[in-house]
Amino acid sequence: MKKFALAAIVAALVPAAAIAQNVATVNGKPVPKARVETLIQQVTKSGQQQRSPELEAQVKDEVVRREIFMQAAEARGIPQSADYKAQLDLARQMLLIRGLMEDFKAKNPVGDAEAQAEYDKFKAANTGNEYRARHILVEKEEDAKALIAQIKGGANFEELAKKNSKDTGSAQNGGDLDFANPNNFVPEFSKAMTALQKGEMTQEPVKSQFGYHIIKLEDIRPATFPAFDDVKAQIKQRIEQQKMAEFQDGLIKKAKTDYTFSK
């Protein structure tokens, strides 16, 4: 009697335990709760949404709807179509590649010390002064000389820049390039700019690969840098991107293939 009673209790509990693992049944087919958890993790992974009773209810609704639609698709033979199989293969490729990249990222984290070293290196390479200059860029040397003559005659540099400079990014601001390290410019421009005193303008056109420049130096100041903690996240992200690019390039170089990449 005891063995029979125990067996009956176990038999009664098994269906209940099975039901507890499912969120619903659709046309007799169980929909596992694991699907709900997987989808919630995907939705909350970016941090834009937090887990909540409302989100869980929405995800449950979506999971059950998907099961209904999947069953309808299977009933129509969609999984046997060539297009479905091709799309499934593409999805498989993307999942595998994403998993590979996430695995590499997890196994090669960027620490604070590595980020600090990158910050120090960049800071050391950009010591000195920052220069705020205006410029007018034209195609022909004679046009640049004519503009220099106009400025010497009293014409407004900023107005001439707005009307004549082909550097559209700065022209609208009267040729203003804001404060920048000289290394940010092409060598010819940098050399001419740093030779000026505050308030001076180049007396002859400065030729570069872009055309002919007229440069006016507005101001000079010691180079400034943001605090490490303010840019640490961006530095880490850049290092991660560099490591990922190197990892991908390494895999491509090691692969034995008769294919020649276009770039």
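**Helix contacts and the strands beyond them**

Tutor: Happy to! Let us begin with the residues that touch: on the H4 side, Leu 100, Met 101, Phe 104 and Lys 105 meet Glu 240, Lys 243, Met 244, Phe 247, Gln 248 and Leu 251 of H10. Sorted by class, the residues of this contact of H4 with H10 are six nonpolar, one polar and three charged. Please keep in mind that this is a predicted model.

H4 covers residues 82-107 and H10 covers residues 228-254; their axes come within 11 Å and cross at roughly 125 degrees. An angle from 65 to 115 degrees would count as roughly perpendicular, and one over 145 as roughly antiparallel. H4 and H10 are therefore oblique to each other. As for handedness, H4 passes H10 in a right-handed crossing.

Leu 251, which sits in helix H10, has a relative accessibility of 40%, so it counts as partly exposed.

H10 has another neighbour to meet. Helix H5, residues 112-125, packs with H10 at an angle of about 100 degrees, and the axes of H5 and H10 are 9 Å apart. That angle makes H5 roughly perpendicular to H10. From H5, the contact draws on Asp 112, Glu 114, Ala 115, Gln 116, Glu 118 and Tyr 119; from H10 come Phe 228, Val 231, Lys 232, Ile 235, Lys 236, Arg 238, Ile 239 and Lys 243. By class, the contact of H5 with H10 holds six nonpolar, one polar and seven charged residues.

With the helices in view, turn to the strands. Four of them form an open sheet with antiparallel pairing, in the order E4-E3-E6-E5. E4 (176-180) and E5 are the edge strands, each pairing on one side only. From one strand to the next, the twist averages 40 degrees.

Inside this sheet, E3 (residues 129-138) and E6 (residues 211-222) pair in the antiparallel sense over ten bridges. You can pick out two of the pairs yourself: Tyr 131 has Ile 220 in E6 as its bridge partner, and His 135 has Ile 215 in E6. On to E5 (residues 206-208), which pairs with E6 in the antiparallel sense over three bridges. There, Val 206 stands opposite His 213 in E6. E5 and E6 form a hairpin, with two residues between them.

The sheet also has a helix lying over it. Helix H7, residues 157-164, lies across E3 and E6 and runs at about 55 degrees to E3.

E1 (residues 22-26) and E2 (residues 29-32) run antiparallel and are joined by four bridges. Val 26 has Lys 29 in E2 as its bridge partner. The hairpin of E1 and E2 has two residues between the strands, and in it Asn 27 takes a positive phi near 55 degrees.

Notes: Residues numbered from 1 in each chain as written. Predicted model: local features only at pLDDT ≥ 70, side-chain atom pairs only at ≥ 80, totals over all residues. Heavy atoms only, no water. Axes fitted to C-alpha atoms, helices over the stretch in contact; angles between N-to-C directions. Parallel < 35°, antiparallel > 145°, perpendicular 65-115°, else oblique. Left-handed = near helix turned anticlockwise from the far one by under 90°. Contact = heavy atoms within 4.5 Å. Nonpolar A, V, L, I, M, F, W, Y, C, P; charged D, E, K, R; others polar. Pairing = 2+ DSSP bridges. Buried < 20%, exposed > 50% of the residue type's maximum accessible area, 1.4 Å probe, protein only.
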